[in-house]
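The following paragraphs go from the whole chain to two local features. Please keep the model open while reading.

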Amino acid sequence: MSFCSRASAGPAARRPVCLLFVLLSAWATNGAAEQAPKTVLLLYGEATTLPGATALDEEIRTQLPAAAGPIHFYTEHLDAAWFPNPAVQRGIADVLRRKYKGRKIDLVIAAAPGALQFALGHRAVLFGGAPVVFVSLRPPGAVSPVPADITGTWFSVDWQANLDLILRLQPDTKRVAVVYGTSAFDRNETGKIRDAFVAYRGRLELIELTDLPFADLLKKVAALPDRTVILFYVLLRDGAGANHVPTHALAAIARATRVAVYGVSDTFIGHGIVGGHVLSFRGHGRQAAALAARVLRGESPGPAGAGDLDLNVATFDAHELKRWGISETRLRRHALAQQALALSLRFERLVAETSTTLAATPLDDVETAVHTALGRIVEELRCDRASLFEFTDDRRVERVGFSIDAAGVVPLPTTMQTDRYPWTLGTLRRGDLVRFRSPEDLPDDAATDRATFQELGTRSLVCVPLEVGHVIVGGISLATVRAEREWPDALIPRLRLLGDIFANSLVRRRASHAIWESEVRFRLAADTAPVMMWMSGVDGGCTYCNHTWLEFTGRPVEEELGNGWAAGVHPDDRKSCLDRYQRALDAREPFTMEYRLRRRDGAYRWLLDHGVPRFTRDGAFSGYVGGCTDVTETKVAHAAWLESLALHSAIFGSLYGHVAALDKDGVVVAVNTSWTEFAAGGWNTPRPPVGANYLEACERAGHVGAGAMAHAIRAVLDGARPQPTLEYAARSGAEERWFEMTVEPFERLEGGAIVLHVDITRRRRAEAEAQRQRDELAHALRASTLGALAGSLAHEINQPLAAIAANAQAARLVLTGGTADQGELRETLADIAADAKRAAQVIRRLRALFRKEPSEYKPADVNALIMEVMMLLRSELEAKGIGVHLALAKDLPRVLGDAIQLQQVVLNVLLNAAEAVADRSTGQALLSVETAEHHPGTVEISVRDSGPGVKDVDLERIFEPFVTTKITGLGMGLSISRSIVQAHGGRMWATRTDPHGLTVHIELSHEENGPEAR
C-alpha cells in the first residue's frame, strides 16, 4: 500500500505556434531522419548490489532514450563505501582515464555523493569537460556545492516525517533505534538524525546502533525492549569492516528482532520493514532522465535542484502491517478521508488564488501566471499534463497557449493537425465535455480520434470547453500518459470553474497587450468571473464589487462600497474578519480568511476570501484585489464528520449489556452506563472504571471466573483468538446472576478490545428447568417401558427362583435318605447360590433403571451397557421369536456419560426395533446390534432391524415428539432418546436398510472428548 506525494509541473509553457490539441497526450518521438546515438556514462558511487542504484539505473535506461533518442550507455561503479582507500580511488581514476581516452562522452550522470565529487574532480581530465547531471543526497546548508553549469536532482531523508509516522502508527513508542553502518556513505546523515530527535526530546529516546560487528548488532536488536522500533537507514560496512548488501542486512535484522522495523527507502519494502516516509529512487531516476534529456537536446535544464520534486512517499508493506497488528484498511480509510477534505479545501483555495492572481497580474505577466496555475493543477490533481488551448479562425489547426508536463513526461510537439481529432473538436465546439478512462471507451464514430490517441500514448483524458459570453473559445484539459485513471464527476464543475477563470484571462490577453491593468478590462473580466471579486483602495475601503458578488448579496453596489460590505458579515465573525484584514493592510501582504456572509435570501454562507495587494509600476501600493469562494458544503461535511463522532459515542453509551473499550494494554478507555451502574452494586466480579487496567483488576479480584476473563481478553489483545466467550456466575450478597462475556478486537489503528457482559440468568434458569423436566420425562418413560415388560421381567426372575426351589428340594431329599454324597450336595448348593445371584442381578438392573437421581457423568463401557440391556430383554425377545445378532467391537474406548440414561436410549431403540419385526411381514424377525469406532474420537452404536422400515421423508420425523406408528405409543421414546444423546455431546439419526428395514445410529464421544471436557 502506498500514499504518494504530489508531482510538480515539468517544463515551461510552450508558446503557441499553429498547434492542435496538445492537451491530450504525449507525442511519440519519431525523428524524420536517423539520429546518431549519444554517449552517456552512468557513474555510480557505490556497489551494483545497492538497491537504490539498481532502481535509478533501470529508470534512466528506460526513460532517457524515449526522451532524447538513441543512447549508448557506459556504466562504472566506484564502490566507495567498500573500498574507501584514497589510493584505490586514484587507481580507479587512472583506469578510467586510459579506458575512455579518445572516446567522446556527451553526458555524465553521477549517482550518490561519492560519484558527484569524483565527477567534479575529474571532469576535465577524464570526460573532456562533458556536462554532468547528478542524483545525490542534498548537502547541509542553503548554498549549492556544485558549479552553476551542472544540474541535477537532490534527494533527502525526511527524518521528522518518519518519526511522526512511527508515532502515528505505534503511539506508545518510547525508543527509536537507528541502524546505520560505518562507511562515509552510511554516516552522511548522522547529524540530521540527531537534529531530528531534538523536537522529540522527553518523548523519544534515540538509540544509535553503529560501530558494531554485524553479529553483535543482531544481538543488540534481539534484546531491544518493548515500546521500541528500529529505523533502518543503510548498512554497507559494519564495525568490523565487513561489507554488506543493505537489503540482506535488513532482512537479517528483521528476523532477529521482536520489534517493528521501519526504513527510509522504497527499495527496502518486502525485506522486513513495516514501511516509512521513503525515498522513491525510481522517481528520482525519472527526474534525472528528464534533466539529462534537456541537456542532450541543447536546452537549459536550470540550476542544480531547480526542478526538484518531493519524491518521499508514505509506503507500507501489507504483510508487515498485519504482522504488527496495524490495520491496513483503517490506515487507508483514515488517510483517504483526510486527503479528500484536504483536497477539497486545497482546490477551493487554488480557485480563489488563481482567480485573484490572474485578475491582479499585469498583462505582460499573464503567461507566467497561467503557466504557474497550470503547474499547480498538475501538482494538485496528480495528472501528467494540463493544457490550455484556443480555437482559431483556421479550422485546420488549433493554437495551444500553454501546456505543462509532470516531471519525466515527454513534452508535446508544438503543432498538431485538427483533422486527426474530428469527433473530439466537434464535441468541444458544441460546448460538451470530452472524457475517457481509455481510448477504447470512445464511441464508434470517434475511430479517427481513438487511433490518434493510441498512437500518441494517451491513456486517459478529460477536457472541458472554455466559454466567454456564450462563445466557445477553446478548452482546458487534463491527461495521463503513464497510467489510466478515472475522472470523477466532482472534478468536472471544478475544472469548468478553473476554465472560466482561464477563459477570462484569455479575454484579457486578447483585449490588449498595451494598457497596464486597464480598469475597464479588469471589470469586464471580473463581472464574467464565476467567483465573487472585489477591489479596495489604499485605505482598504471597497471600491468595486463584481456582478457575482452583487448577485450573491442582493444589495446595490452603493451599499457595498467603503466598509459597507462588512454589514453583511455575520455579527459573530465581523470583528475577527476586520481585524485580520487590517493587519494584512498594514503589512501590505496577501491574506486568506473565512467568514460568514449573508446571502440575498437571508441565509449565511461560509466564504473563503483571498486578497492580494496591488502595486503600480513604480512599486507604490494601490490597494487590494480579492476573490471569494463559497465553502459552505466543505464546512458542513466537516461538521457532519464531528457529529458522526458524537453519535458513535452516544450509541456506545446506550448499548445493551455492560460494555467497555480497552486499549492494546488492557486499560479501560470507555464504558457505557450499564457498566458503571453494575460496578456500584457490590458484585464480586471485576468491572473496573475508565483509566484502570482490566487485566490487573481481574488478577486482584480472586473471583472464580476472573482468571478466565483475563485470559480471554489477553488472547484478543495478542491476536491469538478472534472472539472468545465464557459464562460465569457473580454474587452480590445473597443474590446470584449468570453472565456471558464476549471479547472482540477493537478495529482501530491503535488496536485494543471491546468487552461485553450480558446477563443470561433467565436463560440459565430456563435451561436448568428444561433439564429437570427432561430428566422427569425420561424417568417416566423408563418406568412405562419397564411396566410394559413386566411379564417378561417376571419370567426372567421366576426362572432362577424356580431353579432355587427345585435344587433345595433335591438337597432335602438327599439329606433325608441318609445316603448323602458330599460332592453332590456341594454342587446343589452352588447351583442355588448361582441362581440366587442371577435373580439378584435382574433385580439390580431393574432398580437401577427405576432409580430417579441427578445425571452423573462417569466413564462407561458401551458394550457392557448393551449386554445388561440384552439380559433384561432376553425373555421378551425369545417369547416373540426374535433373533439377535451381536457384533460388539473389542477394546472400544470408554465414553463419558450417565450409564442409566444411555441404557434407557439403547432399551428404547431395541424395543422399537423388536416391535417393527414382530409381525414377520418381511420374513425372519432379526435384530442386529453393532458397536464400532468408525471415526477417531467417537464410538457408534448401530441397531438394525428387518422390519418394514420407513419412507425417506420420515427418517427425520420419527425423532419428533408425538410422532409414532404404534397404536398405543406416545411418540416420545425416540425424541427423548435423541435429547439424551445430544446432552452427552453426541448425535442420533436413522437410515434405511436395503432391501427393507431401518438402522438407528447412536454416536457418542470418547471419554476425553465428552461433554464435561468441553
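Helices (H or I, at least four residues) and strands (E, at least two) are taken as DSSP runs and numbered from the N terminus. By that count the chain has 28 helices and 34 strands. The model is predicted, so local features need pLDDT of at least 70, side-chain atom pairs count only at pLDDT 80 or more, and totals for chains, interfaces and linings use all residues. Residues are numbered from 1 along each chain as its sequence is written, and side-chain values use heavy atoms, with hydrogens and water left out.

Of the 1014 residues, 50% are buried, meaning under 20% relative accessible area (1.4 Å probe, protein chains only). Contact means heavy atoms within 4.5 Å; among contacts between residues at least 6 apart in sequence, 66% join residues at least 24 apart.

Helix H22 covers residues 706-717. Its 12 residues reach 17 Å from first C-alpha to last, close to the 16 Å expected at 1.5 Å a residue, where the expected span is 1.5 Å times one less than the number of residues. Buried residues in H22 include Ala706, Met709, Ile713 and Leu717. Their cover includes helix H21 (694-701) and strand S26 (735-745). Just after H22, Gly719 has a positive phi of about 80°.

Helices H12 (residues 422-429) and H13 (residues 447-456) pack at about 110°, with axes 6 Å apart; axes are lines fitted to C-alpha atoms over the stretch in contact, and angles run from 0 to 180 degrees between N-to-C directions. H12 is therefore roughly perpendicular to H13, a label for 65 to 115 degrees. Pro422, Trp423 and Thr424 of H12 meet Thr448, Asp449 and Phe453 of H13.

Terms used:
Parallel < 35°, antiparallel > 145°, perpendicular 65-115°, else oblique.
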